[in-house]
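Here is a short briefing on a sheet and an interface. Please look over the model before reading on.

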Amino acid sequence: MALNYDQALEKYEPTLGLEVHVELNTNSKMFCGCATEFGASPNTQTCPVCLGLPGSLPVVNAKAIESSIRIGLALNCSITPFSRFARKNYFYPDMPKNFQTSQYDEPICVNGYLDVTIDTDEGPKVYRVDIERVHMEEDTGKSLHVGGATGRIHGAEHSLLDYNRAGIPLVEIVTRIIPGTDKYAPEVARAYVAELRDILRSLGVSDVKMEQGSLRCDANLSISPRNSGTLGTRSETKNVNSLRSVERAVRGEIIRQANRLESGERIIQETRHFQEESGETRSGRSKETAEDYRYFPEPDLLPIVADPAWVEELRVALPVKPSIRRKKLQEAWGVPDKEMAAMINAELLDTVEETVALGAEPTKARSWWLGEVSRLANEKSVEPTSLIQPSEIAEIIALIAAGELTDKLARQVVEGVINGEGNPSMVIEKRGLKVVSDDSSLMVAIEAAIASQPETAEKVRSGNIPAAGALIGAVMKATGGQADAAKVRELLLKHLGQA
Amino acid sequence: MAAISREEVAHLARLSRIEMTDAELDHLASEMGLILDSVSKVQAVADQDIPPTSHAIAMQNVMRPDVVVPSLTNEETLSGAPAREEDRFKVPQILGEE
Ligand SMILES: [Zn+2]
């Protein structure tokens, strides 16, 4: 009988740690001047340095150093006074040099933290995630496995290598074990990656696109029997490429490990790959141990000694922390916690902010993005922001406020814009979606409604105002929903001597 | 003599993907022990006042501005490749994988 998540948590405690790799958005690579642009044709952004040709010498990118220090500062780290690169030796064709230039015992930033808030049964709770280190390294090339099952290493006859990505600056951010997460480990993992991503975005150091791999998360997880005071063997789950997947991967690993232990098997220290479709992890290559990497100081690159005055300059110039910015927005908008959390979870805070900046009322902007637009985006399995622009939503909200659109018509305008019928005014024009507001045509419809329901009209005349609903409904129906209901009500009641 | 076992040499050879005969392993185990012995003599000479050194000249902070310079062409990049396919380096099946 397999344990489910709650049953697994009754018997075992999880221990969680996270490693995040972020690709910096520099123009050139970490150690050479090759371009970093995404999507170039294979092996056209390569040179003797990033191909590891004999005699070539790397020189570090100043901007990458600056970005790494800014990341460390934003994560409350100390910037080490002396930092060195090291060679991580491994034999694998994704690195033509047969080693990856990384940092080992002298990383550029150490000992930071990041606070994240999650909803628990007892209300919002803050978890402090301690950052062990932030270090610099370089990305690897991309392999294409040919033969066997498509794209899989298993059964492949040979592999094809594109080194355009090899040497793009990477920063790795490693947490310590995050204590006390217990059953909230999946939520804490997600909240940490989300908060980290927001910080990196606010720093402008990376595109932070998980789907495209510019932000990647590895989750280290082990479990141990409750109150045993021991640590279990950990697995490292890779290939987690969305926030939702971070949460699912941690949850899935807790369940898998608990069930293994229940059936008397042991946990193997290994790399596992997250499977997007099933939410489960699958065993990957067994890792060489740290000793096998034979790290040693990189002789071709000189140590980095960050001038304290420069570090202070960078610290002073850091942008407002996302958590503080969110607090300010919430105050300015007067939005309750729950609605704020909904916007953040839906990753629509920036979009709503942009819409509000274009003149829309915050509550309206929120409800359009989280309501109708999200609903349609969900149907199409795309991001809401890919469907319609903040400026278009702001325009539609303004038209409603001016009485030129009803909510119902506005939904049709949104649908039209999404269907590619043009901007809101073009959709209104083409579909003839103007509110029927001239009194004479409304009066024709009102008189028709009264004529068809004389008894209802009589009730209203004698003071039964709620009865007017049926008549208003008939008018709205007759005008195809293009009338302003409030206007119809006003005219109707006046006509029946009740206003 | 600093002990380096035959197994350790075999392990290093495997990590470097170098095939070695039994005779070579025996030979290298004793030879590498000798090298380690010689190097360890440096440790005896280097006292507390001599910091460990990774570079011949004590320089630091040599950086380049984040400026793109032209790369090699695809043809130039692949010109030394033993095999190629679809503008990429073609390598044998990756060993030691699942
Ligand atoms: Zn290059």
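How many residues does the contact take from chain B and from chain A? The contact takes 34 from chain B and 43 from chain A, where contact means C-beta atoms, placed from the backbone, within 7 Å. This is a predicted model: local features need pLDDT of at least 70, side-chain atom pairs count only at pLDDT 80 or more, and totals for chains, interfaces and linings use all residues. Residues are numbered from 1 along each chain as its sequence is written, with chains lettered from A and ligands numbered from 1 in the order in which they are written.

**Interface**
- β1 (63-64), α3 (74-78) and β3 (88-92) of chain B each give two or more residues to the side touching chain A; helices (H or I, at least four residues) and strands (E, at least two) are DSSP runs, numbered from the N terminus.
- β3(B) gives the largest share of that side, five residues.
- β9 (158-162) of chain A runs antiparallel to β3(B), joined by four bridges; strands pair if DSSP finds at least two bridges between them.
- A:L161 has B:F89 as its bridge partner.

**Sheet of chain A**
- Nine strands form an open sheet with mixed pairing, in the order β3-β6-β7-β10-β1-β11-β12-β13-β14.
- β3 (78-79) and β14 (281-283) of chain A are the edge strands, each pairing on one side only.
- β3(A) pairs antiparallel with β6 (109-120) of chain A over two bridges, and A:I79 has A:C109 as its bridge partner.

Definitions and conventions. Contact = placed C-beta atoms within 7 Å.
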